[in-house]
Amino acid sequence: MNKKWAVKRLTINLTSSEAEKLEKYCSVTGRPATDVIRELLRSLKTEETQDSN
């Protein structure tokens with residue numbers, strides 16, 4: 001495992017429809033689920049990011 005990314009391991013529970021949607025998206029885009037989820041997390045707005053705008 002690449003130590004650069006091994007800061008925090010996270011396990012999530014998805015409904016079957018959520019898992020299917022993620023799998024389809026990954027299949028279509030050719031991207032791994034980890035990258036897709038990481039990108040979605042980065043796009044979330046927080047108080048810190050809202051204050052800097």
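I began with a term: a residue counts as buried when its relative accessible area is under 20%, as exposed when that area is over 50%, and as partly exposed in between. With that in hand I looked up the chain, which is a predicted model, and found that 6% of its 53 residues count as buried.

**Entry: the whole chain**

I noted that the accessible surface comes to about 5300 Å², and that 53% of this surface belongs to carbon and sulfur atoms. For the secondary structure I found three helices and zero strands, so that, reading from the N terminus on, I wrote down the elements as α-α-α. I then turned to the confidence of the prediction, where the chain averages a pLDDT of 88 and 79% of the residues score at least 70. Among the elements, α1 has the highest mean pLDDT, at 98, while helix α3, which covers residues 47–51, has the lowest, at 69.

I looked next at Ile-12, which lies in the segment before α1, the helix of residues 16–29. Together with Leu-10 and Leu-14, Ile-12 forms a nonpolar patch on the surface, and the accessible area of the three comes to about 290 Å². Ile-12 counts as partly exposed because its relative accessible area is 45%, which falls between the limits of 20% and 50%.

**Entry: salt bridges**

How many salt bridges does the structure hold? I found three, and I went through them in the order of the chain.

In the one between Glu-20 and Lys-24, the closest N and O atoms are 3.3 Å apart. I asked myself how these two residues are placed along helix α1: they are four residues apart, and therefore separated by about one helical turn. Glu-20, at 43% relative accessibility, counts as partly exposed, whereas Lys-24, at 52%, counts as exposed, since the cut-off for exposed is over 50%.

Arg-31 forms a salt bridge with Glu-39, and here I noted 2.7 Å between the closest N and O atoms. I recorded both partners as partly exposed, with a relative accessibility of 26% for Arg-31 and of 43% for Glu-39.

The pair of Asp-35 and Arg-38 has its closest N and O atoms 3.4 Å apart. Both residues sit in helix α2, which covers residues 33–42, and because they are three residues apart there, about one helical turn separates them. Asp-35 is partly exposed at 32% relative accessibility, and Arg-38 is partly exposed as well, with a relative accessible area of 22%.

**Entry: Cys-26**

I then looked up what surrounds Cys-26, leaving aside its neighbours within four places in sequence, and listed contacts with Arg-31, Pro-32, Ala-33 and Val-36. Val-36 is 10 residues away from Cys-26 along the chain, and I noted that the C-alpha atoms of these two are separated by 7.6 Å.

Note on methods
Residues are numbered from 1 along each chain as its sequence is written. This is a predicted model: local features need pLDDT of at least 70, side-chain atom pairs count only at pLDDT 80 or more; totals for chains, interfaces and linings use all residues. Side-chain values use heavy atoms; hydrogens and water are left out. Patches are made of residues with over 30% relative accessible area and no salt bridge: like charges are joined within 9 Å, nonpolar side chains (Val, Leu, Ile, Met, Phe, Trp, Tyr) within 5 Å. Accessible areas come from the Shrake-Rupley method with a 1.4 Å probe; for residues, only the protein chains shown count as cover. A salt bridge is a side-chain nitrogen of Lys or Arg within 4 Å of a carboxyl oxygen of Asp or Glu. Buried means under 20% relative accessible area, exposed over 50%, partly exposed in between (1.4 Å probe, protein chains only). pLDDT is the predictor's confidence in each residue, from 0 to 100. Contact means heavy atoms within 4.5 Å.
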